[in-house]
Amino acid sequence: MEYRDVLEQARKNIGPNCRVCPVCNGIACGNTMPGPGSKAPGLGANDNYNAWRKIKLNMDTIVEQKPMDTSIELFGRTLAFPLLTAPIGSIKMQFTPESNVADFNDQCMAACETRGILHAYGNGRTDDIFEQAIASSAKYGNTGIPVYNPDSVENIKQLMDMYKGQLPPVAMSIVVDSAGLPHLNSLMGGKGGTKSVNDLKELKAYMGLPMIVKGIMTVKGALKAVEAGADAIIVSNHGGRVLSDTPATAEVLPEIVDAVKGKTKILVDGGIRSGLDVFKALAIGADACLICRPVLIAYYGGRQEGIECYLDKIKAELMDTMYMCGASSISDISREMIRLPK
Ligand SMILES: Cc1cc2nc3c(=O)[nH]c(=O)nc-3n(C[C@H](O)[C@H](O)[C@H](O)COP(=O)(O)O)c2cc1C
């Protein structure tokens, strides 16, 4: 399957809220929520996308030719390249009534297994999404990472209990930013959104697994996550879906890296659309990236095969950028290889 076939097929299947634009930049979907867009009144998804455009790549091809190695170690596991597919809690409300997020998770994990990476899956409104994701992960090489959306500590613990007697995932993630999601807050009666440092410590101790705190956008937040024992953070503003007029993730990444690099792993998402963007994030100091909306489009365009096609494209672009900027392994990639905006 060629990537253009994936996009063409996705246009037929994804429903009216997503236009499957040639580049997924958050403009055509605008402020459509629920839907794939940004939270009104801004265009946060587009802000994220544009910030990566402003970072430029420094070419350097006077280097020794070596075999290219894109692998990394994360949570005791070797990933073929530094990418995770990002969590999506529900797609019925956002895309088509026939959509099934459990099937999306299943197909992502199948693709991630063949491509040697991991899939993070979110909890929606019903527990069976998690039940099915746990089964899919067991089927596809333990490629799934559960991501717990805002809820009370007690309710999250109940969801964590679903892993009792099952193959433990390599890590688990607590989302802190979707306290700002309008539809989630109204579903939960406005309760259980924010988390204290102690809540995070309690949840990590309860599940006994490496903890990834998702939704960090400031040095202050990153330091609190480190205090809570985060093994990783995800620099993320939920793709512009939780608050307008925040900075873009690419804009805050450098200062967060400077503050907490070495104390926790640093992941980032938001507007990353190519292997070039992945390279830029790694050059700033991130350990890995996540991509959400284009993976979903690839799913609607070809299920497992569509996602694999998209992942292959990202990896090929990353390798090409490494080749052109003088890096043959991920650890070679450094900030001198990019030009940050002044
Ligand atoms: C339709 C949709 C549903 C999402 N659901 C979740 C979720 O349940 N949990 C979560 O942590 N993030 C969720 N996200 C946020 C993504 O995981 C990701 O952080 C964000 O979209 C940024 O990546 P992108 O610009 O590549 O889309 C959702 C995003 C979209 C578009």
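Predicted model: local features only at pLDDT ≥ 70, side-chain atom pairs only at ≥ 80, totals over all residues.
Biologist: Why is V20 called buried?

Modeller: Buried means under 20% relative accessible area. V20 has 1% relative accessibility, so V20 counts as buried. This residue is found in the loop between α1 and α2, and its phi is near 50°, a positive value in a residue other than glycine.

Biologist: Why does H238 count as buried?

Modeller: The cut-off is again under 20%. With a relative accessibility of 16%, H238 therefore counts as buried. H238 lies in the loop between β9 (232-235) and α9 (249-260); its phi, near 60°, is likewise positive in a residue other than glycine.

Biologist: What makes up the secondary structure of the protein chain?

Modeller: The protein chain has 11 helices and 12 strands. Its radius of gyration is 19 Å, close to the 20 Å that the globule rule gives for 342 residues, so the chain is as compact as a globular protein of that length.

Biologist: What share of the contacts with a separation of 6 or more joins residues 24 or more positions apart?

Modeller: Such residues account for 73% of those contacts in the protein chain.

Biologist: Which kind of peptide bond runs from M33 to P34, cis or trans?

Modeller: The bond from M33 to P34 is cis, with omega near -5°. P34 is found in the loop between α1 (3-13) and α2 (44-53). A cis peptide bond also joins A40 and P41, where omega is about 10°; P41 is found in the loop between α1 and α2.

Definitions and conventions
Residues numbered from 1 in each chain as written. Heavy atoms only, no water. Helix = DSSP H or I, 4+ residues; strand = E, 2+ residues; numbered from the N terminus. Rg over C-alpha atoms; globule rule 2.2 N^0.38 Å. Contact = heavy atoms within 4.5 Å. Buried < 20%, exposed > 50% of the residue type's maximum accessible area, 1.4 Å probe, protein only.
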